[in-house]
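Please consult the sequence and the structure shown below.

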Amino acid sequence: MSLRHLARFKTIGHGQQQEVIMGQKRFMSNGNNRMRFDNQTAIITGAGRGLGREYALLLASRGANVVVNDFGGDRSGNVTATGQNATSPAQQVVDEIQNRWPGSKALANMESVKSESGAQALVRVTMEKFGRIDILINNAGILRDRSFAKMSIDDWDQVQNVHLRGSFLVSHECWPHMRKQKYGRIIMTSSTSGLYGNFGQANYSAAKMGLIGLSNTLAIEGASSGIQCNAIVPMAASRMTEDILGEEIASKLNPAFVAPMVAWLCHKDCTETGAVIEAAGGWYGSYKLQRTSGVYLPKICDSSNDSSIESIAENWDKVGRLDENTARVDSFQDHLSELLQTFEKNK
């Protein structure tokens, strides 16, 4: 099989007065035609702090009904002790929304997304309160960092359960409502750890790369029902990254920089689906799959050939070489088409 790698391509910039082109439409980033989410309802998981909070605030400021979901645990997923009169992180965000934008509709929810009953309850209360779900941002996450040698089964399971299983469960509960209304926007939260790997994060990296696969498939299956799904790769200073990023780097990575990109991907005018988008400190770009031209060895398994492994070794540089024949691959159909063309050319 030919090697594939992820390459990053620069996309649009941003500026206060800059006109930017998105698809076939033009928008003024500081004009009077502000992009709104009136009469739309957004569920945001892990929205009590950090990135999720920024998403909730921005969408609420543009008219969306916002369901702020946050279990209230620490970054390892453990329940944190609070005083008798303490306000949950989710409720704090709801209070902030309603104080800053009187009349805004926001609802706090403390269900855990890693349980089926929690996901069901989250979606049920949203439908009871607002009657529809237009946007789902799967943002909830925890960390259980350990080297692979020291990682426990529980460390693996807990991270997978929140990131990958949790995103599946909530998306699965929202899916029939979005299909019925022929509209939906879903965001999966991936990570550079998933794309590149990172020491001590085998559990986290596997979950984050898994979310890209889930996002790609939902983009395909949702297309006929007006459902779009994209993956965001955010880099931001938060309690999840507080001991990973240095102070100087963290100062440049305010989570508020990520929110405009996520909001755009959730807007009705955005037609992007199946994309993997990075947002970091005001820089925005997308990842695209490329497939090398590779090498075709049709006789490698012939009974007369006892050097099949050696043939691979001898051609290894051709398997991974990037050259003028390297192709961008956007779908399985693209991949299969390239493969069939190779067979045809080498009859």
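## Strand pairing

Strand 10 and strand 11 (residues 283-291) run antiparallel and are joined over five bridges, two strands being paired if DSSP finds at least two bridges between them. Val 276 lies opposite Tyr 287 of strand 11. The two strands form a hairpin with two residues between them, and Gly 281 in the turn has a positive phi of about 55°. With strand 9 (residues 227-235), strand 10 pairs in the parallel sense, also over five bridges; Ala 279 is the bridge partner of Pro 234.

The model is predicted: local features need pLDDT of at least 70 and side-chain atom pairs pLDDT 80 or more, while totals for chains, interfaces and linings use all residues. Residues are numbered from 1 along each chain as its sequence is written, and side-chain values use heavy atoms, without hydrogens or water.

## Burial of strand 10

Five of the five residues of strand 10 (residues 276-280) are buried, so this strand is largely enclosed by the rest of the structure; buried means under 20% relative accessible area (1.4 Å probe, protein chains only). Val 276, Glu 278 and Ala 280 cover one side, and Ile 277 and Ala 279 the other.

## Helix 1 and helix 8

Helix 1 (residues 50-61) packs against helix 8 (residues 259-266) at about 55°, with the axes 9 Å apart. The contact (heavy atoms within 4.5 Å) involves Glu 54, Tyr 55, Leu 58 and Leu 59 of helix 1 and Ala 259, Pro 260, Val 262 and Ala 263 of helix 8.

Seven of the eight residues of helix 8 are buried, so helix 8 is largely enclosed by the rest of the structure. Among them are Met 261, Trp 264 and Cys 266.

Methods. Axes fitted to C-alpha atoms, helices over the stretch in contact; angles between N-to-C directions. Helix = DSSP H or I, 4+ residues; strand = E, 2+ residues; numbered from the N terminus. Buried < 20%, exposed > 50% of the residue type's maximum accessible area, 1.4 Å probe, protein only.
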